[in-house]
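Please open the model in your viewer and keep the selection tool at hand.

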Amino acid sequence: MNHLAPLAVAVPIIAAGVLAATASVASRRLADIVAVLTAAASTTLCAILLAHSGHHQVVYWFGGWQPRSGIAVGIAFAVDPLGAGLATFAGLIVCVALVFSWRHLETISHVYHALMLVFLAGMVGFCLTGDLFNLFVFFELLSTAAYALVGYKIDQRAPLEGSLNFAITNSLGAIMVLFGISLLYGRTGALNMAQIGHSLAQQPADGLVVAAFTLLVAGFFIKAAVVPFHFWLADAYSVAPTPVCAVLSAVMSELGLYAVVRIWWSCFHGAFGDHEDALRAILVVAGTITALIPAVLCFAQTHLKRMLAYATVSYIGLFLIGVGLLTHDALGGTAVYLVADGFVKASLFVCVGIIQHRRASVDEYRLHGRGRDMPFTGAMFAIGGLALASLPPFGTFLGKSLVEDAAVKEGYGWVIVVFILASAITGAAVLRSAGRVFLGLGPEGESEPAFEVDEETETETGDDEGRRRTPFVMFLPVIALLAGGLAMGLIPRLPQAALRGAAALQDQAAYVAAVLHGAAGSVPHLPAPPPPTGLDYLYGALSSVGALVLAAAALFRERLPALVPRPVANGAGAAVRAVRELNSGRVGDYVAWIVAGVTVFGAAFSLTLL
Amino acid sequence: MSRRARLWLLAPALAGTMALVVWGFTGLADFGHFQGAYGNLLAKVAVPERKATDIVVSTTFDYRGFDTLGEEMILFTAVLGLVVLLRELRGEQEEEEEAHDDQEGHAGREHRTSDALRIFGFGMVGPTVVLGVYIVTHGTLTPGGGFQGGVVLATALLVVYLAGRYAAMRKVSPLPLLEAGEATGAMAYGLIGLGGLIIAGMYMKNFIDPGTKGSLLSGGFIPLLNIAVGLEVAGAFSLAFQEFLDQTILLRGDGGSE
Amino acid sequence: MSFLPYAVAAWLFGVGIYGVATSRNLIHLVVCLTVVQSGTYILLLAIGYVGAGKAPIFADIPLNSKVVDPVVQTLTLTDVVVEATVVALLLALAMQAEKRFGTLDPDELGVMRS
């Protein structure tokens, strides 16, 4: 059974090679079919791995190079439930994105399909590997595919700039990761994460360990887009082709956080474990900032894709709080939350793709009332917005309640306010656009400075005939994705399984024993978490109703009596404008912010972790 | 942010980051005193186990061969990316190229190289190819291997460009063959890994007798992997050179006066 | 003791990032990125150096010779290839920027604000 682990990566890689090699002979439809089937096969492999890793850690040594007396000789895949789950989720989203691309993109030979498959292989390998340098290789593999996919519509300015900013900042992140890996290798003489963790725990931590931790975390935070490393994300996600956006927003950003979780529990926990409280405080604060500021920016956007991009950053902040609480119930809850939210956000991106396909625009004002004859898309978009605002019984609600309960246990009850605010504001932004586009509510307005990607080149059917109705293969993904988001909240034993997976990931001793000494470590048995209480439903209702009220207030602002004194309103508006100005589109600024972020996190870590 | 503001942000930030990095470096062993468990182990066991004299190669292709699969895929992806990112420009340029063709007759427009340079250049192609093939196939014995040899092979194409003309290079370079070769090389690596799974029971496990130390065919499947990588790298770099040269030449044609 | 190779790695890291942040030309910016990356080569190779060690190639040295760490050399090899690919992609983007925006100054792109 263990042999499925390498195949989950090898199958898409080989298929990508076949597609590229036969580009000149095979037809577009054939490429579509091969790509979807390959992604489905890889997803199935990951799902089987997920089922197996629920019983014990799956360790696979490539080339059969078993470790010798605790020293890793080769590269291992060390598969735990959360990693396998994330890989499965990545596979699912890529499948859906490929189905959506069926009618969506004009492609040049089969390069698009090959790139998507390599992207998938990179993400799956990233989730499964137990070797730090191998993690870096997959990090670069998925990034390289992503740069090319974001810049796909290279004939226009915005995708070019988005891809450029994305590639420069993320390459810098990869280099920081490599500096961190080099330092750890210099200290431990190891690349296997279990071995590094074991070795680091043997001696007191010093500056080297802090510097390595900071550089690794900063590199992965750039990928995850934690404030202040986040600027590139809005530029890249607002211009990528829609199916690519769905994958980027639902999975790729979250991988950055997964990597931080992975390295903390596998490599650094033994060295810094005594200072867990300090790290918890730092991560929760960083998560709070990342959740709130981008939520406001999300609300201020009228460019639908850019709005969803900021929603992505805001949710990354919430997930960072979840993983930053450093307990197994918070991590398990975050896993549920992350996957459910990924489904919902992908469905929202796909809805925007449909609007773009039919109306050739993604600007809320330009689309004002032009979606009235698209009731189905409108309904789906609005439901997605409510799900984003964690309406029960969606998985977002369940995940949010789990994390909130865990936060209360750790004495961080105040983060509940952050969760409610961020989910209500981002949900309200979506609901407001739904009202404006599909119902024609609210006054018409001036559209923002246009960096809209000309849609003509994105869809296959450029003629008017194709725009009159939405192809079925475009609806199918929306329904499937929303159903996925709902299912995450309804599958009965899911929370318990997620919590067990989280506990397995956090058990460093068992991880070392399984990877380096071949112990068949079992996954701990844990009781099921209590189902959401009345209080949880109240919080869910608060954020859902809050989103509706906020959306209505934004739409009918003119008719409202002036509740807020004008100077205050003006001041708030100026503040939001100032924050928006920081996202200047200039990569030099972004790099300066990244360096500042490294310094801030480095200072925080060195002051508290030693 | 203005450039001045950026500098004000950058200066303290970079100072702090540099302090952190230097602080980290002070924790490293003194230069030349490194004792890495992993490296020491490989230095001891690699030659007896793998019969390949070049441990860097046996590490790259066998002990850490899976990294190299990923690395090769990165190269493959990057070339696909170049095809995507440079394509539209090419489409636009074709029209301009037609206009350009009309003026082909203009004297002095095409830069001509001297006969001596051309003869020397074309004479170099053969040795370059031989050297490339030599480096690819002798990777298990001496410094080199698929990556290094592949790049040398790709430079053969550049020599043609330097010695002759762009048009000559376009004529001699079999583009579809390069594309297929590049993809095949990338695929072949994954397939050889699969061979390990089917024949030896483990993905990326050697399934060919490692032979005797020092002979050309020693190292088991490492020479095969080297050839796959050589194919991929030569194809990828040739394609990359060509994509860029296409752009440059056509852009230069754009300028008109050069 | 000698710390110079580490100092060079740190210097390349810092000066490269400074260049990336302040560059006025995309080609220059990409080269600065390669400078930062070069820092990792130096660092890796410096870490793995063993005083008076030979290259880990046993074609003409006895099996028990003192050699430098072979792993860092493998890592550097991978690193070099990775960098070459990223640079190729970035240069392609720079080329397109010149074409679409008529400038290579990253500060003059900025179609995406706020």
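Begin by selecting chain C, where 56% of the 114 residues count as buried, a residue being buried if 20 or more other C-beta atoms, placed from the backbone, lie within 10 Å of its own, exposed if 12 or fewer do, and partly exposed in between. This is a predicted model, in which local features need pLDDT of at least 70 and side-chain atom pairs count only at pLDDT 80 or more, while totals for chains, interfaces and linings use all residues. Residues are numbered from 1 along each chain as its sequence is written, and chains are lettered from A and ligands numbered from 1 in the order in which they are written.

With chain C still selected, show it as a cartoon: there are three helices and zero strands, where helices (H or I, at least four residues) and strands (E, at least two) are DSSP runs numbered from the N terminus. The C-alpha atoms of chain C fill a box of roughly 60 × 30 × 20 Å along the principal axes. Its radius of gyration, taken over C-alpha atoms, is 19 Å, whereas a compact globule of 114 residues would have one near 13 Å, by the rule of 2.2 Å times the number of residues to the power 0.38.

Now bring in chain A, of which 62 residues are in contact with 58 residues of chain B. Among the elements on the chain A side that give two or more residues are α4 (111-128) and α5 (132-150), and α5(A) gives the most, with 10 residues.

Finally, select Ile93(A), Met123(A) and Leu89(C), which touch the most other members of the largest nonpolar core, a set of 380 residues; such a core consists of buried Ala, Val, Leu, Ile, Met, Phe, Trp, Tyr and Cys residues joined through C-beta atoms within 7 Å. Helix α10 (residues 242-272) of chain A gives the most to this core, with 21 residues. Zoom in on Ile93(A), whose contacts, not counting residues up to four places away in sequence, are Ala246(A), Val247(A), Ala250(A), Val251(A), Gly342(A) and Ala346(A).

Methods: Two residues are in contact if their C-beta atoms, placed from the backbone, lie within 7 Å.
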